[in-house]
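Visitor: Could you take one part of this model and walk me through it closely? I'd like the pairings and the cross-links around it, with the cut-offs spelled out.

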Amino acid sequence: MVLMGSGSRSLRLLALLLLQAAGLRGLSPGQLLPHGEDAGDQVLQPGDDVSSEAVSLAQPLHLFEKTVKNLYVNTNGIIAISKPPKEVDYVSTFPPRFGAIAPFLADLDTSDGVGKVYYRQDSAPQTLQRVEWMINQGFSNLNFQPVNTFIATWENVSAHVEPRRGDLPLNNDAGNKRNTFQVVLASDESSSYAVLLYPEGGLQFYSTQPKTLNNIGLELPARVGFSSGEKSFILFTLEGSSYAVTSGSEESVRNLHQDGNSGERGVWIFHLGSYSNHTILPASGGTLRLDDPVPNTFSAPSTTDHQKNSFLDITENGADLNYDSTEEEQKVETMVAYKSTSEQNPEESHIVDQVPVVAVNPVQYRRQQFPHHRVELLDTDLDLEVTGNVFTYNTERQLRCSNNHHVCSAHGQCRDHAAGFCCRCNPGYYGNGKQCVSEGTPQRVNGKVNGKIFVGTNPVPVQFEDIDLHSYVVVNDGRSYTAISRIPAAVGWSLLPLSSVGSIIGWMFALEQPGYENGFSIVGGEFTRRAEVTFNLGNEQLTINQQFGGIDEHNHLTITTTIEGRVPEIPQESTVLIEPYTELYHYSSSVIMSSSNIQYMVQFPDQSSQSYSFHLKQTITFQGCIHDDAKPVPATQQLSVDRTFVLYETNEQVFRYAMTNKIGPVQDVGPVNENPCYTGTHGCDTNAACRPGQGNRFTCECSAGFYGDGQTCYDVDECRDNPSICGNYAVCNNQPGTFRCECFAGYQFAEDGRTCVAVHRPENPCQTGTHDCDSPDRARCIFMGGSDYMCVCLAGFSGDGRSCDDIDECQPGRCHPYAQCFNIPGSFSCRCAPGYQGDGFQCTPLGSEKTQCERHRDNAWGSALPRGPRPDEHYVPQCDADGNYQPVQCHQAQQTCWCIDANGNEIAGTKTLGGVRPPCLDSVTPTVMVGPTPRPDVVPLPPGTHLLFAQNGKIEHIPVEGFSMKKSEAKTLLHVPDKVVIGLAYDCVDKMVYWTDIAGRTISRASLQGGEPTTIIALDLESPEGIAVDHLGRNIFWTDSGLNRIEVAKMDGDQRRVLFTDDLVNPRAIVADPVHGNLYWTDWNRAAPKIETSYMDGTNRRVLVKDDLGLPNGLTYDPYAAVLCWADAGTQRLECINPNRTGRKRILQGIQYPFGITSYGRYLYYTDWRRDAVVAVDRAIGRETDEHKATRRSRLYGITTAYSQCPPGQNHCTVNNGGCTHLCLATPERRSCRCPDIVKSVNCLESN
């Protein structure tokens, strides 16, 4: 039935419906399910780490393979299936070792009584109906009917903040940020689902600072996901299954309320498990809209009052709803009747079947609400050719491209089909449309591997956790290279036949034959693989489970691998040869299966050999697009694998394998195409795609983001070529083949994902002059964000910053005994008394004995004419303020310069022409003096020097030219996702950077010349922070503030030995002086901070500085000037000292919050937590000269100098390891041979 009205009213109604269909809003707090004591909830006791008593479920919950009967709600954003341990055991790691549902795993706190945690079971019909509707809409075609729900709500909870957090200042704003989120668990007799709800404005903080890491003030992002917990056996335990919703980045947590997998932002729905399916499945293709019409059962009594219900009610059976419309609602003059598609004419068959009859009474459209069933209004056209007052419109807007462009890749396009939409990659790219990569571009895969493997008949398994996997694929010829680090030797050799661990990567990017597609073209980067390996001789069985998580922010594919089972034992030093083999892949819309028999030969150390084989069966599950039938995939494809190379490196404990992969037709079906593009013999650049022509002709075409002739391709610097490519308020970061735009601090991307808009631009009182700090010549105003600022007195003044008084520096001992001190505002000066000469700090009687340089100089002057200017042909030595020869001497008339030794003798081979000054070393160690010092000569270092600094999960570098930071050329050197890099050290011999990781509790290294990072120490570390390199003795030293000790090991992490465990509270920075055999470190123990030193063998330990220290974070040793400098976040100063002399020089004070520090020439460079910057300081004049702010504003940690050449000098361990069998530890006069704490051989000898 249709009530006739004017055509214009019909058009207006159509426009209204279209606007409503396009509306996108996130979840509002009012749309959470009812919670609180009025809703019948129990309330968790206030506290920092509180767990509820066991809640016995009326209907058991299925989580992975487990059937759960009890749940425990915990303050820290989790629901556990067993009593959770203390938070220090799990709050900083994911997955936890126990089974849990984690909607927001973080260190939360409700001690203040403001935050609450509510929970209850609920089987009320209105709750079950609401949850049923949400889940079925989220999974589109699901027919799930829950019989019980469990609802937990965290309302206004805050992050836990320690009263005193190590060396961190108190965060007074922490309590002002509060989070609200909810989880709903629903079960029927056979399966369970979870609904995670994050309302807009409900997440005000995304990271917390776990107590286990409060030594460094590290904040870890919250984690969202599911864990089944460990599996315990008689002799061992295995890590159970897990599923992560967020990554280790804060950005993924920020997106929780902005994104979703159900069709509604802020709503995430997951299948938790069932009797037949033990895997977590996210909702996909969902059409959930919380504004859509369902009975508003949780905001009204069970007897619904339709007059007060603002939702547009429907019935599935077509019965009238008896809606008593108000007079206001009668203003809608058009009434629309709906019919099911079963009543359609045959020509209307493009509409999906089984749409129920829906009767709609006249209502006033006050809100953007729609029926949640697919309905159509009576007509056949939707192109606005309206006839009369009837039209057709499909309200299932979530399955159209108009509302789902964001689902497709930035390099793809969305295409509508009759029953939905699909994504397809643009020309020049390939993938499944949701994830697309450039044709021909090499691909990288990074991930973690966990394993529990029995070797041979050994009853004790070899286990490893979170070891690194890195893979590199040359796509245009099908070559793949994979390395897995830290594989124990006990299992490494026996894993050599298992190239199948990484063969899945070869399949993904295999060289495609005409008409056939590799794995990434079909499934993209998100899928699950299960491989079953059965060894034919002994029937040993092994399973490989891999979860591919898509492409991360660095354009790397991510993977998690778990290996469990038994393998035949292969003796050490054996060689494994794998014969070429093929795998048949059988394809369906969501599952791919394959099987193959793989032959391999083992060549034993005694030169004998034997052939073996194993059967490989694998299943790949993914979510394909069922609507697109225009892109057929052959039902069966054959993967050909040859040139397989496997290797296990004992010293590095790295398992490497390489192979060549091609995907094409089943063998002997049709002719083989010999075009070089399909055989991989084309010779195109690794960043180019091979385009086949007729016969054997082909062309090479550089991939998108590169330019060249195809034989050689160069990266296009989009940032340089188009400086405005990222628009206003954004910075462009060039990357190989692409670029990234990042918004400035205080800005964020708008909904278009491209435009940066201001988040909040508070007024800066320091710039506007609205602060109350003292005058600029006495105090400095420091902007702290928001409307906050800090007043700090300048050097030479004291006070609270608002009132600063001059400090009278003329204290006894400031100047030489025969000098007078003059106090001046902010400083002082020294002047020698009458009858004395000097700079006031060193005064000698007039006519007293002069230095050799001064006598040499006076003689040169004396040889000149008694009056008038000095003749140009005379050479006059240049002396410094102390009367010593300057290291560089020049003859002005001849325009030549040369280096000299301490006696003024020319050093052979150093003379330069044309006035060019050679790079000379100081012949005399300069005296460290208190107070103003004359500006020393610049000692240029070899070119190619860089500053390396750490920022969470990456290491960046800044080239240094002269002493200036080339900030425009600063780039990221290394990405180490899910790591938090603290300390940095550089080995100038092998060009390697070493770092400590506080999150993974590891020490790793990587070559600056390329190659994957390698973890060298992963056991028996608690909180590794500072690290130092002895490049002469080939040792590393590090501090551990969790274990309170200092250790040493060889450069590969082997031969560990503890040097100190006593009298250490919070050791942090550590540096080495390899030439002189000395070690220096800081201990920021608040009760007694200190800087200590010892010889490298641990002898002659003594306190170097203990007075007037606060929080000595950073430490650096200048090998050229023999000066030790430190950065103190407590006293807010940079200071230096010569370790072998008395005297302490204050370089700079009034700085904000320094962490790391390094030296280069006369400059110091330090990282500052408050400024998020690397700051350059000229230590000669005590002034900041420049700063570099990282493109991504977050805390900077360690910093080090990567010299282009090693500093000169040797120690007693340089040659032949000092004659030691194991550790050679240098001292100033000799060396000590020491054994590691755990001796692996009997031939270790100790001696001095």
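Guide: Let's start with Tyr 581, which stands opposite Val 641 in S34. Before going on, a caution: this is a predicted model, where local features need pLDDT of at least 70 and side-chain atom pairs count only at pLDDT 80 or more, while totals for chains, interfaces and linings use all residues. Residues are numbered from 1 along each chain as its sequence is written, and side-chain values use heavy atoms, with hydrogens and water left out.

Back to that pair. Tyr 581 belongs to strand S31 (residues 581-587), which is joined to strand S34 (residues 636-649) by six bridges in the antiparallel sense. Strands here are DSSP runs of E with at least two residues, and helices are runs of H or I with at least four, both numbered from the N terminus. Two strands pair if DSSP finds at least two bridges between them.

S34 has another antiparallel partner in strand S35 (residues 654-664), with 10 bridges between them. Pick out Asp 642 and you'll find Thr 660 as its bridge partner in S35. S34 and S35 form a hairpin with four residues between the strands. In that hairpin, look at Gln 653: its phi is positive, near 55°.

Now go to the loop between strand S33 (609-621) and S34. A disulfide, meaning a pair of cysteine sulfur atoms within 2.5 Å, joins Cys 422 to Cys 625, with S to S at 1.8 Å. This one ties together distant parts of the chain: Cys 625 lies in that loop, Cys 422 sits in strand S20 (residues 420-425), and the two are 203 residues apart. The link is left-handed, with -80° about the S-S bond.

How covered are its two ends? Cys 422 is buried at 2% relative accessible area, whereas Cys 625, at 38%, counts as partly exposed. The labels follow a simple rule: buried is under 20% relative accessible area, exposed is over 50%, and partly exposed is in between, using a 1.4 Å probe and protein chains only.

By the sulfur rule, the count comes to 23 disulfides, and a couple of others make a handy comparison. One joins Cys 793 to Cys 804, S to S 2.1 Å. It links Cys 793 in strand S45 (residues 788-793) with Cys 804 in strand S47 (residues 804-806), 11 residues apart. The torsion about its S-S bond is about -90°, so this disulfide is left-handed. Cys 793 and Cys 804 are both buried.

Another runs from Cys 832 to Cys 843, S to S 2.2 Å. Cys 832 is buried at a relative accessible area of 15%, and Cys 843 is buried at 5%.
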